[in-house]
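Subject: The structure I promised you

Hi,

Here is the structure I said I would pass on. Have a look at it first, then read my notes below.

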Amino acid sequence: FTKDYYIGVYEFTQGQYKLFSGGTNPSSFKGQDDSDYRPVESLTSTGYDPINAGLLTTIGTLGSQTGVAFTLPTEAQWEYAAHGGNGYPLPNGKGLKDANLNDIAWWYGNSENRTHEVGTRDPNGYGLYDVVGNVWEICRDGWKTAYSDGKDAIDPCIPDSEATSQETATACANTTAGCPGYHSRRGGSWENRSCTAYARINGRY
């Protein structure tokens, strides 16, 4: 990377989201005693969703109210942070098997089919929590199958202008080519089953 960047220690919580969205909360797992400390979910990646005002709209509001510029991480930034400085999401550098996945992630094997309060599993080598499991983490990039162009090798990112909502890009859903109608999402969630390369889990959103 040519520029330093900061990234949140915890996933953005429902309580934080409500502070900057006028009190709205689109999450499916709300209404519990610890809901404000659970990650916000059921968001879209554009600002045009009439139901929940959209993730990027809330990020813009967060910036305007705090005077600090916020954005989603690029997929490259996310992966670098997730690996924790040692190539693995685990602080001890172990590979991701079922036995130690429980230590750092809420996943299919231990989540009881729900999200959980952020920061209640072990952090990775950079001190970041929930980089795998709990909820998917959306990146700034539009979907691209590979960074094949030379210009993508440094600070790679598919521009926001090339990423549209899922609803307007359904025609791309079954293609194998890169589709700018999807954002990359990383890390898996509470409902994902075991995976020996969990930090490599990604998808289109």
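Let's start with one term: a residue counts as buried when its relative accessible area is under 20%. R186 has a relative accessible area of 1%, so R186 is buried. Please keep in mind that this is a predicted model.

**Salt bridges**

Which side chain meets R186 in a salt bridge at 2.9 Å, N to O? That one is E75. R186 belongs to strand β2 (residues 183-186) and E75 to helix α3, so this pair ties together parts that lie 111 residues apart in sequence. E75 is buried too, with a relative accessible area of 12%.

R186 also meets the side chain of E79 in a salt bridge, this time at 3.2 Å, N to O. E79 sits in helix α3 and R186 in strand β2, so here the parts tied together are 107 residues apart in sequence. With 18% relative accessibility, E79 counts as buried. Through shared partners, the salt bridges join E75, E79 and R186 into one network.

Another salt bridge is formed by D36 and K18, whose closest N and O atoms are 2.8 Å apart. This pair links distant parts of the chain, 18 residues apart: D36 is in the loop between α1 and α2 (55-66), while K18 is in helix α1.

In soluble globular proteins, nonpolar side chains tend to be buried together. In this model, the largest nonpolar core has six residues: W78, A81, A82, L128, V131 and C139. Helix α3 (residues 75-82) gives the most to this core, namely three residues. There is also a second, separate core of five residues, and among them are L101, I104, W107 and V132.

**Aromatic pairs and a charge over a ring**

The structure has three aromatic pairs. In one of them, the rings of Y10 and Y129 have their centres 5.1 Å apart and their planes at 15°, so this pair is stacked. Y10 lies in the segment before α1 and Y129 in the loop between α4 (98-104) and β1 (137-142), so the pair ties together parts that are 119 residues apart in sequence. Y10 counts as partly exposed, at 47% relative accessibility.

How do the rings of F29 and W190 meet? Their centres are 5.3 Å apart and their planes are at 85°, so this pair is edge-to-face. W190 counts as buried, at 16% relative accessibility.

While you are looking at rings, check W106 as well: the charged end of R121 sits over the W106 ring, 4.0 Å from its centre.

Last stop: F1, Y80 and Y126 make a nonpolar surface patch of about 340 Å². F1 is found in the segment before α1 (14-20), and F1 is partly exposed, with a relative accessible area of 47%.

Cheers

Key: Residues numbered from 1 in each chain as written. Predicted model: local features only at pLDDT ≥ 70, side-chain atom pairs only at ≥ 80, totals over all residues. Heavy atoms only, no water. Patch = residues over 30% accessible without salt bridge, like charges linked within 9 Å, V, L, I, M, F, W, Y side chains within 5 Å. Areas by Shrake-Rupley, 256 points an atom, 1.4 Å probe, with all protein chains shown as cover. Salt bridge = Lys/Arg side-chain N within 4 Å of Asp/Glu carboxyl O. Helix = DSSP H or I, 4+ residues; strand = E, 2+ residues; numbered from the N terminus. Buried < 20%, exposed > 50% of the residue type's maximum accessible area, 1.4 Å probe, protein only. Core = buried A, V, L, I, M, F, W, Y, C linked by side-chain atoms within 4.5 Å. Phe/Tyr/Trp six-rings, centres within 6.5 Å; stacked < 30°, edge-to-face > 60°. Lys NZ or Arg CZ within 6 Å of the ring centre and 35° of its normal.
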